[in-house]
Amino acid sequence: MTVPFNIDLKDKTAVVTGGGGELCGCFSEALAKCGAKVAILDLRKEAADTVASKINENGGIAMGIEVNVLDLKSLRKAEKVIRREFGPCNILINGAGGNHPKGTTSKEFLTVDDLESEREGLVTFFDLNQGGIEFVFNLNFIGTFLPIQVFAKQMVNQKGAIIINISSINAFTPLTKIPAYSGAKAAVSNFTQWLAVYFSKVGIRVNAIAPGFFLTEQNRSLLTNEDGSFTKRAKKILNQTPIGRFGKPEELIGTLFWLVDEKASGFVNGVIIPIDGGFSAYSGV
């Protein structure tokens with residue numbers, strides 16, 4: 001990996017939830033490149049270990065830990081291991097999240113005919129599954145809330161302590177079909193601002209990055225057809241994105257470094273930064 005610039009993170013410990021995914025895996029590699037010891041937390045142990053192995057093979061220091069961000073016992077167990085092996089957490093990145101089909105409508109707009117239709121596969125707002133909605137909200141919001149409860153206490157009055165939550169462009173303008181995910185990410189953004197105020201007297205800054213559309217393995221089946229061409233939804237996204245393409249994970253690193261480096265952003269607190277190619281700025285007209 002090539003980073004856009006370097007910051008000094010020697011002797012710092014970074015904890016990254018969802019670190020086995022593409023975006024947060026990229027974050028983990030970038031932080032390690034700057035000297036941080038990186039604990040990669042993911043529900044999928046193999047994914048976390050894959051990222052950690054890549055970092056270690058390239059001269060960095062990392063370990064993968066299987067963690068359920070919705071389970072305090074799991075998080076506390078991980079915290080003990082990290083503190084013992086790497087020392088107290090200095091940088092916390094909350095990247096665990098995602099959507100679920102049971103929290104998704106099949107159409108963008110409701111029609112009267114939909115209310116009487118028995119078409120197979122049709123899912124209206126009225127058909128959404130409560131368990132699916134709860135899963136999505138909990139994964140994104142509670143899955144941010146609990147890691148902060150576990151790791152932030154040791155960050156109090158640490159020089160350069162920083163929490164970075166991963167919100168989404170959905171928090172600014174909700175996308176069609178995914179009400180649970182959009183609502184949960186809006187909650188993450190609001191919570192980021194609340195925490196920034198709450199922790200302001202004990203030296204912990206709290207900010208969020210709100211990625212726009214990045215083509216990853218998690219959403220590839222939704223945005224591309226089997227032949228590699230873009231789906232109808234992908235084309236709508238690109239038409240709404242002034243830059244006219246999807247983002248690359250590496251394009252998030254500059255903002256990540258800026259927020260992590262207290263010399264660069266020590267007075268930045270409680271902001272949610274969209275990185276979306278102009279999507280949130282474009283009205284479509």
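Reader: What share of the chain's residues count as buried?

Author: In this predicted model, 50% of the 285 residues count as buried. The cut-off behind that word is a relative accessible area under 20%.

Reader: Why is threonine 144 called buried?

Author: Its relative accessibility is 1%. Buried means under 20%, so threonine 144 counts as buried. Threonine 144 is placed in helix 5, residues 130-151.

Reader: Which residues does threonine 144 touch, leaving aside those up to four places away in sequence?

Author: The contacts are Asn94, Leu139, Asn165, Val188 and Phe191. A contact here requires heavy atoms within 4.5 Å.

Reader: Why is aspartate 11 called exposed?

Author: The value for aspartate 11 is 61% relative accessibility. Exposed means over 50%, and therefore aspartate 11 counts as exposed. Aspartate 11 is found in the segment before strand 1, which covers 13-17.

Reader: What makes the backbone of aspartate 11 worth a remark?

Author: Its phi is positive, about 70°, although aspartate 11 is not a glycine. Lysine 177 also has a positive phi without being a glycine, with a value near 80°.

Reader: Where does lysine 177 lie, and why is lysine 177 called partly exposed?

Author: Lysine 177 lies in the loop between strand 5 (162-166) and helix 6 (179-198). Its relative accessibility is 26%.

Reader: Which residues make the nonpolar surface patch?

Author: Leu110, Leu115, Phe125 and Phe126 make a patch of about 490 Å². To belong to a patch, a residue needs over 30% relative accessible area and no salt bridge, and nonpolar side chains are joined within 5 Å.

Reader: How do you know that the chain agrees with a compact globule?

Author: For 285 residues, a compact globule would have a radius of gyration near 19 Å. The chain has 19 Å, so the two agree. Along its principal axes, the C-alpha trace spans about 60 × 40 × 35 Å.

Reader: How many helices and strands are in the chain?

Author: The chain contains 10 helices and seven strands. Among contacts between residues at least 6 apart in sequence, 72% join residues at least 24 apart.

Note on methods:
Residues are numbered from 1 along each chain as its sequence is written. Side-chain values use heavy atoms; hydrogens and water are left out. Helices (H or I, at least four residues) and strands (E, at least two) are DSSP runs, numbered from the N terminus. Buried means under 20% relative accessible area, exposed over 50%, partly exposed in between (1.4 Å probe, protein chains only). Patches are made of residues with over 30% relative accessible area and no salt bridge: like charges are joined within 9 Å, nonpolar side chains (Val, Leu, Ile, Met, Phe, Trp, Tyr) within 5 Å. Accessible areas come from the Shrake-Rupley method with a 1.4 Å probe; for residues, only the protein chains shown count as cover. A salt bridge is a side-chain nitrogen of Lys or Arg within 4 Å of a carboxyl oxygen of Asp or Glu. The radius of gyration is taken over C-alpha atoms; the globule rule is 2.2 Å times the number of residues to the power 0.38.
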